[in-house]
Amino acid sequence: MPRRLLYSFAQFYNSNFERRPTATLIVTNGVLNSVADILAQSSSILLHKPTVQNPLPPTYDPARTLRFAVFGMAMGPIIGRWMRLLEKRIPMPNVSRGGGLTLPGGVVRKKGGEGVQLAKRVLADQVVMAPIGLCLFVGSMGIMEGHSQLEISEKFRDVPALFANWKIWPLIQTINFKLMPIQYRVPFQSTCGIAWTLYLSLLNAQ
């Protein structure tokens, strides 16, 4: 039954992605980001330790979840376009019958080229998109929360978030680029990103 349900959902997703790729990515990313923030807020409430300054646990803030949903909806198409750009600029070779690797245009390379192309994609993603994504997150959240320019600039100095990104995302993106068809890469990234968004949500609340 679960397998059949998963298959039906995959068919539904593929059908919508083929007809309305941008709208599908907007909805998917918005929902997953909302789930991540709900989990983050729930964790803060459940794990709250009373102090003199904060004797009571925090209450759930639906406006914060809405902000995360808006950010996720905005980022879905951006990440989707980035994935297509990587697909075009750094193509992954296919294994030919002779054991070689065939790139678009019929160029055949020896085995090993796939690993090089995969490494290039991951490197480009982490050097280009990771910092941009963090900057967009910090800036957009600061604006939606009504912070001043000075307060937002203070959050931009939080370099540990980028270092934390580089500790976990290269492996996730290696799996993503290696195994996932292009239509599943954004949902896969967003699903894995629930834990990452949980971290960002807690970081943003500081």
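**Entry 1: contacts and overall make-up**

I looked up the contacts first, a contact being a pair of heavy atoms within 4.5 Å. Among contacts between residues at least 6 apart in sequence, 68% join residues at least 24 apart. I note that this is a predicted model, in which local features need pLDDT of at least 70, side-chain atom pairs count only at pLDDT 80 or more, and totals for chains, interfaces and linings use all residues. Residues are numbered from 1 along each chain as its sequence is written, and side-chain values use heavy atoms, with hydrogens and water left out.

I then listed the secondary structure, where helices (H or I, at least four residues) and strands (E, at least two) are DSSP runs numbered from the N terminus. The protein has seven helices and three strands, and along the sequence they follow the pattern α-α-α-β-β-β-α-α-α-α.

For burial I used relative accessible area: buried is under 20%, exposed is over 50%, and partly exposed is in between, with a 1.4 Å probe and protein chains only. Of the 206 residues, 37% count as buried. The protein exposes about 12700 Å², an area from the Shrake-Rupley method with a 1.4 Å probe, in which for residues only the protein chains shown count as cover.

**Entry 2: nonpolar cores**

I searched for nonpolar cores (sets of buried Ala, Val, Leu, Ile, Met, Phe, Trp, Tyr and Cys residues joined through side-chain atoms within 4.5 Å). The largest has 21 residues, and Leu86, Phe137 and Phe177 have the most contacts inside it. Helix 1 (2-19), helix 3 (62-89) and helix 4 (113-144) are the elements that give two or more residues to this core. Apart from it lies another core, of nine residues, including Leu134, Ala164, Trp169 and Phe188.

Which residues does Phe177 touch, not counting those up to four places away in sequence? I found Met83, Leu86, Leu118, Arg121, Val122, Asp125 and Arg185.

I found Val186 in helix 7. Val186 is buried, with a relative accessible area of 4%. Leaving aside neighbours within four places in sequence, Val186 is in contact with Leu25, Asn29, Gly76, Ile79, Gly80 and Met83. The C-alpha atoms of Val186 and Asn176 are separated by 8.9 Å, the two residues being 10 apart along the chain.

Asn16 is in helix 1. Is Asn16 buried or exposed? Its relative accessible area is 11%, so Asn16 is buried. With neighbours within four places in sequence set aside, Asn16 is in contact with Pro21 and Thr24.

**Entry 3: aromatic pairs**

I next examined the aromatic rings. Rings of Phe, Tyr and Trp (its six-membered ring) pair if their centres lie within 6.5 Å; planes under 30 degrees apart count as stacked, over 60 as edge-to-face and the rest as tilted. By this rule the count comes to five aromatic pairs. The Tyr13 and Tyr184 rings are stacked, because their centres are 5.9 Å apart and their planes at 25 degrees. This pair links distant parts of the chain, with Tyr13 in helix 1 and Tyr184 in helix 7 (residues 182-204), 171 residues apart. Tyr13 counts as buried at 7% relative accessibility, whereas Tyr184 counts as partly exposed at 23%. Ring pairs link Tyr13, Phe17 and Tyr184 into a cluster.
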